[in-house]
Amino acid sequence: MSGLALGLLVDGSSSSPQSAYIDPSDQALVTAGRQIYANHCAACHGAKLEGQPSWRMRRADGRLPAPPHDETGHTWHHPDTVLMDIIKNGLVPGKTAPPGYISDMPAYGGQLGDHEIAAVLAYIKSSWPPQVRADQKQITLQPPQ
């Protein structure tokens, strides 16, 4: 999925954004998330969060390769509630993706609980530089528009 594709996301904010923030300084959460990421996410998004090659260019089937989750990708541009929703439910056209968008991103809600998904996000966020973390935290804690 491209920055454009995810940039068109619909707001997935909750009624309490403060409680929805996933803290990447929680070392227990990060440690758990590292293993869960390795088992469920690394095959597509890369062992080092690097994503698939040419992730901004559509493949022959019209789909986009898996994006990176390091600071070079667009993951940090989205609040935690949206990221949780994407991992839990996959990319849902009209909700977390543009209408008609088709993605290879599976829904993990049947395999991972909310705590496990939060752990994966804590792990991903722990790799970002301090300014990127601060920017993503501000995006997450912003009141709904």
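Okay, ground rules. We're looking at a predicted model, so local features need pLDDT of at least 70 and side-chain atom pairs count only at pLDDT 80 or more, while totals for chains, interfaces and linings use all residues. Residues are numbered from 1 along each chain as its sequence is written, and side-chain values use heavy atoms, with hydrogens and water left out.

So, the overview. The protein chain has 7 helices and 0 strands, where helices (H or I, at least four residues) and strands (E, at least two) are DSSP runs numbered from the N terminus. Reading along the sequence you get α-α-α-α-α-α-α. There are 145 residues in the protein chain, and 45% of them count as buried. Buried here is under 20% relative accessible area, exposed is over 50%, and partly exposed is in between, with a 1.4 Å probe and protein chains only. As for contacts (heavy atoms within 4.5 Å), take those in the protein chain with a separation of 6 or more: 64% of them come from residues 24 or more positions apart.

Now let's go to α3 and α6. Two packed helices are described by the angle between their axes and the distance between the axes. For α3 and α6 the axes are 7 Å apart and the angle is about 100°. Axes, by the way, are lines fitted to C-alpha atoms, for helices over the stretch in contact, and angles run from 0 to 180 degrees between N-to-C directions. That pair is therefore roughly perpendicular; the classes are under 35 degrees for roughly parallel, over 145 for roughly antiparallel, 65 to 115 for roughly perpendicular, and oblique for the rest.

Who's in that contact? From α3 you have Leu29, Val30, Ala32, Gly33, Arg34, Ile36 and Tyr37, and from α6 His115, Glu116, Ala118, Ala119, Val120, Ala122, Tyr123, Ile124 and Ser126. The contact of α3 with α6 splits into 11 nonpolar, 3 polar and 2 charged residues.

Tyr37 is buried, at a relative accessible area of 1%. Its C-alpha sits 9.1 Å from that of Ile117, 80 residues apart along the chain.

And that brings us to the rings. Rings of Phe, Tyr and Trp (its six-membered ring) pair if their centres lie within 6.5 Å, with planes under 30 degrees apart called stacked, over 60 edge-to-face and the rest tilted. By this rule the count is 1 aromatic pair. It's Tyr37 with Tyr123, tilted, 5.5 Å centre to centre with 50° between the planes. The pair links distant parts of the chain, 86 residues apart, with Tyr37 in α3 (residues 27-40) and Tyr123 in α6 (residues 114-126). Tyr123 counts as buried too, at 13% relative accessibility.

Next up, α5. 8 of the 10 residues of α5 are buried, so this helix is largely enclosed by the rest of the structure. The buried ones are Asp80, Thr81, Val82, Leu83, Met84, Asp85, Ile86 and Ile87. Look at Asp85, which has a relative accessible area of 11%. Setting aside neighbours within four places in sequence, Asp85 contacts Gly90, Lys95 and Thr96. Gly90 follows α5 and has a positive phi, near 75°.

How does α5 meet α6? The axes of α5 (residues 80-89) and α6 come within 10 Å and cross at roughly 120°. That makes α5 oblique to α6. Asp80, Leu83, Met84, Ile87 and Lys88 in α5 meet Asp114, Ile117, Ala118, Leu121 and Lys125 in α6. In this contact of α5 with α6 there are 6 nonpolar, no polar and 4 charged residues.

Gly110 lies in the loop between α5 and α6, and it's exposed, at 81% relative accessible area. Asp135, in α7 (residues 130-141), is partly exposed at 26%.

Key: Nonpolar A, V, L, I, M, F, W, Y, C, P; charged D, E, K, R; others polar.
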